Amino acid sequence: MSSPTGPASGLPVRMPRPRQSGRHRRPEPVVAPEGAPALVLAVPGVPGAPTRSLAEEVVSIARSELPGLDARIGFLEGDDQEFPALQSVLAHASEERTARVQQARAAGAEVADPDGPVAVVVPLLAGPDSALTRRIRQAVIDSRAPVELTDVLGPHPLLAEALHVRLSEAGLARADRARLFTVATAADGIILATVGGEEAVQAAGITGMLLAARLAVPVMAAALDQEGAIAATAEQLRSSGSTQLALAPYLIGPELGEGLLDLAAKEAECASAEALGAYPAIGKLALAQYTTALGITPQPAPGVPAH
C-alpha cells in the first residue's frame with residue numbers, strides 16, 4: 001500500500017521527466033483560451049441516432065486535439081428537443097455569454113461588453129454544397145448571434161488519406177504502398193462520388209488527384225445528384241482501360257440521401273466503399289477550421305507525433 005507521503009517501501013518511484021531544454025524541446029500542448037468561442041458543428045441531413053453518434057465522435061476528436069474546447073452540435077434539420085437545431089444552439093451560446101457578463105457585473109466586477117464571435121460554425125461537409133451552405137448561413141443569420149462561419153473541410157490531403165483507408169477497408173485498394181500489400185479485388189479505376197453539383201465535382205477532383213497519386217490508378221469525380229453522371233464517368237474510365245472500378249464516397253455521411261450510394265454503385269456496376277464517417281481526419285479538419293478562424297495554433301502533446 002502507499003503511504004500519504006508516497007509508495008510503500010520497496011516499490012519503484014517514478015520521478016517526473018525533466019523538461020527538455022534547447023531548440024529541440026517539444027512544444028507544450030495548447031489548450032483553448034479561456035472564454036474562447038464555441039466550436040459548433042453544423043450537421044446536415046435528417047437527424048437520427050447514427051448521425052448524432054457520428055457528430056459526437058467528430059467533436060470528441062476535436063476536443064482531444066485541443067483540451068478545454070467548448071464543442072457543440074447543431075442539426076440543420078433539428079427539432080430542438082432530441083436533436084438541437086443549429087439556430088437554437090447559436091442563440092443559446094449567445095445568451096449564455098450575456099448571462100456570464102451580467103453575473104460578473106452583479107458581483108462587482110468591471111467587465112467590458114462582449115466582443116468577437118460567440119461561436120465558430122464549421123459545416124460537417126467534405127466539399128462545397130451551395131444548397132446546404134445557404135441553409136447553414138440562413139440559420140446563422142436567424143440566430144441573431146455574433147457568429148463566424150468557416151468553409152467546408154476539403155479539399156485536403158487528409159481526406160485523400162481517409163478515402164484510401166475506406167477503400168482498403170472494403171478490399172478495393174492496397175492498404176499500404178510501402179508494404180506492397182496487394183488485394184485481389186483492388187480497383188484500377190475510382191469514381192469519386194460527391195453531391196452538390198459541378199462546384200462539388202471540381203473540388204472533389206482536387207482531392208481525387210491526391211488519391212490517384214496514392215493509389216497509382218485513375219480517379220474521376222462525379223456527382224451523385226446529377227442524373228447519369230455516375231454511369232457516364234464509369235463508361236469514361238472503362239473506355240480508357242480500367243476494368244475493375246470502385247465507388248469512393250467523398251462524403252461524410254449525414255448529407256448522403258438514403259439509398260443514393262447503393263443506387264450509384266448499381267448504376268456504375270461496381271463495388272463501393274463506405275462514406276468517410278468519423279474518420280479521425282474529419283475531427284482534426286473541423287478543429288483546423290476553428291483554430292484558423294481564431295488564430296490559434298494547437299501543438300501535439302509530448303510524445304504524440306504530429307499528423
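Hi everyone. Let's start at Arg-144, the residue that follows helix α3 and has a positive phi, near 60 degrees. Helices here are DSSP runs of H or I with at least four residues, strands are runs of E with at least two, and both are numbered from the N terminus. Before I go on, this is a predicted model, so to speak: local features need pLDDT of at least 70, side-chain atom pairs count only at pLDDT 80 or more, and totals for chains, interfaces and linings use all residues. Residues are numbered from 1 along each chain as its sequence is written, and side-chain values use heavy atoms, with hydrogens and water left out.

Back to α3 itself. This helix covers residues 130-143, which is 14 residues, and spans 20 Å from its first C-alpha to its last, close to the expected 20 Å at 1.5 Å a residue. That expected span is 1.5 Å times one less than the number of residues.

Which residues of α3 are buried? They are Leu-132, Thr-133, Ile-136, Ala-139, Val-140 and Ser-143. They sit on the same side of α3, because they cover an arc of only 115 degrees around the axis. The arc is taken from the directions from the helix axis to the C-beta atoms. On the face turned away from the buried side, α3 carries the exposed residues Arg-134 and Ile-141. Buried means under 20% relative accessible area, exposed means over 50%, and partly exposed is in between, with a 1.4 Å probe and protein chains only.

What do the buried residues of α3 pack against? The partners are β1 (38-43), α2 (86-106), β3 (119-123) and β4 (147-149). Contact, here and later, means heavy atoms within 4.5 Å.

That brings us to the sheet. Four strands form an open sheet with parallel pairing, in the order β2-β1-β3-β4. β2 (71-75) and β4 are at the edges with a single partner strand each, so one side of each has no neighbour in the sheet. From one strand to the next, the twist averages 25 degrees. Two strands count as paired if DSSP finds at least two bridges between them; β3 and β4, which run parallel, are joined by three bridges. Within β4, Glu-148 stands opposite Val-120.

Helices pack here too. Helix α1 (residues 49-65) touches β1 and β2, and its direction makes about 155 degrees with that of β2. Helix α8 (residues 280-294) lies across β1, β3 and β4, at about 140 degrees to β3. For these angles, axes are lines fitted to C-alpha atoms, for helices over the stretch in contact, and values run from 0 to 180 degrees between N-to-C directions.

Now the inside. The largest nonpolar core has 50 residues, and Leu-167, Ile-190 and Ile-282 have the most contacts inside it. α8 gives the most to this core, with six residues. Such a core is a set of buried Ala, Val, Leu, Ile, Met, Phe, Trp, Tyr and Cys residues joined through side-chain atoms within 4.5 Å.

Last stop: Ile-296, in the segment after α8. Is Ile-296 buried or exposed? Ile-296 counts as buried because its relative accessibility is 14%. Pro-33 is 263 residues away from Ile-296 in sequence, yet their C-alpha atoms are 8.8 Å apart.
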